[in-house]
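Subject: Structure handover

Hi,

Here is the structure I promised to pass on. Please open it alongside this email, and I will walk you through what turned up.

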Amino acid sequence: MPEWIDAGLWGLLGGAALVLGAAVAWFVRVPRAVIASVMAFGSGVLISAVAFDLVAEAADTGGLGPTAIGFLGGAVAYLAANAVLARRGARHRKRSGDQQPSEEEQSGSGAAIAVGALLDGVPESVVLGLGLLSGGGVSVSVLAAVFISNVPEGLSSAAGMKRSGRSARYVFGIWGGIALVSALAALVGYLALGNAAPELVAVITAVAAGAILTMVADTMIPEAFEETRTWTGLITTVGFLVAFAIERA
């Protein structure tokens, strides 16, 4: 099978975890404390992947300076886009409670939430595609981090969408569409950079890593802390340790 198809399939697998989480939230009444705990665990998993797989690899390939610039650039770009979407009703898109506005409460919030969910998922998918460029296959630790973190993201956000009165067609349309876009993002990332210099790939990896870390801090950890409180740090640490162990295995 051509490697570019592999890239798309790995991106689709990562995105499918969002659909899985949404399905659980829609058909099963999951306590908010459980959702928050899994969110904290997923945060730790992603932080570990960013530190040991993405930034470290980018620095080894492209050097500290370009990596730092890309990392900060990704964080600033995500922050700016997230701020715009927050003003349009997507601030609480990962919240499982009553924080998400309905369309009646804020017109256009549904579209903003959809775009926000897409914003959260694309950097992770691009990283999966870029990981194949080295010729060593997809990184198991990065794939595990994306999948493990996407399940609670889809679960929490879909629970909030359901509470705000959005339909099953809307919820599963959102997550199914994002799963397909995730596949496309991984595929395009692989094809567009297939002949790029390793230094350029390193910088783009750092950009994606900066966006992912900012997303974790801005959207995942706040949702986790709302319910788990003093346990948040410990649960996040366990997630970090599990992902680190996978990376070392």
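A charge is taken to sit over a ring if NZ of Lys or CZ of Arg is within 6 Å of the ring centre and within 35 degrees of the ring normal. Please keep in mind that this is a predicted model. By that criterion, the charged end of Arg 166 sits over the ring of Tyr 170, with 5.4 Å to the ring centre. Lys 162 likewise lies over the face of Trp 26, at 5.0 Å from the centre of that ring.

Trp 26 also belongs to an aromatic cluster, together with Phe 27 and Phe 172.

On to the ring pairs. Searching the whole structure gives 4 aromatic pairs. One of them is Phe 27 with Phe 172, a stacked pair with 6.2 Å centre to centre and 25 degrees between the planes. Phe 27 is in helix H1 (residues 3–27) and Phe 172 is in helix H6 (residues 168–192), so this pair ties together parts that lie 145 residues apart in sequence. As for solvent, Phe 27 counts as exposed at 65% relative accessibility, while Phe 172 is partly exposed, at 24%.

Phe 52 and Phe 240 make an edge-to-face pair, 5.6 Å centre to centre with 65 degrees between the planes. Because Phe 52 lies in helix H2 (residues 32–62) and Phe 240 in helix H8 (residues 232–248), the pair links parts 188 residues apart in sequence. Phe 52 is partly exposed, with 33% relative accessibility, and Phe 240 is partly exposed too, at 28%.

Next, the helix packing. How do H5 and H6 run relative to each other? The axes of helix H5 (residues 140–163) and H6 come within 10 Å and cross at roughly 150 degrees. Angles over 145 degrees count as roughly antiparallel, and H5 and H6 are therefore roughly antiparallel to each other. The crossing of H5 past H6 is right-handed. On the H5 side, Gly 154, Ser 157, Ala 158 and Met 161 meet Tyr 170, Val 171, Ile 174 and Trp 175 of H6. Tyr 170, then, is both a contact residue for H5 and the ring under the charged end of Arg 166.

One backbone detail for you as well. Most residues other than glycine have a negative phi. Arg 229, however, has a positive phi, near 50 degrees. This residue lies in the loop between helix H7 (198–228) and H8, and at 44% relative accessibility Arg 229 counts as partly exposed.

Note on methods. Residues are numbered from 1 along each chain as its sequence is written. This is a predicted model: local features need pLDDT of at least 70, side-chain atom pairs count only at pLDDT 80 or more; totals for chains, interfaces and linings use all residues. Side-chain values use heavy atoms; hydrogens and water are left out. Rings of Phe, Tyr and Trp (its six-membered ring) pair if their centres lie within 6.5 Å; planes under 30 degrees apart count as stacked, over 60 as edge-to-face and the rest as tilted. Helices (H or I, at least four residues) and strands (E, at least two) are DSSP runs, numbered from the N terminus. Buried means under 20% relative accessible area, exposed over 50%, partly exposed in between (1.4 Å probe, protein chains only). Axes are lines fitted to C-alpha atoms, for helices over the stretch in contact, and angles run from 0 to 180 degrees between N-to-C directions. Angles under 35 degrees count as roughly parallel, over 145 as roughly antiparallel, 65 to 115 as roughly perpendicular and the rest as oblique. A crossing is left-handed if the near helix is turned anticlockwise from the far one by less than a right angle, and right-handed if clockwise. Contact means heavy atoms within 4.5 Å.
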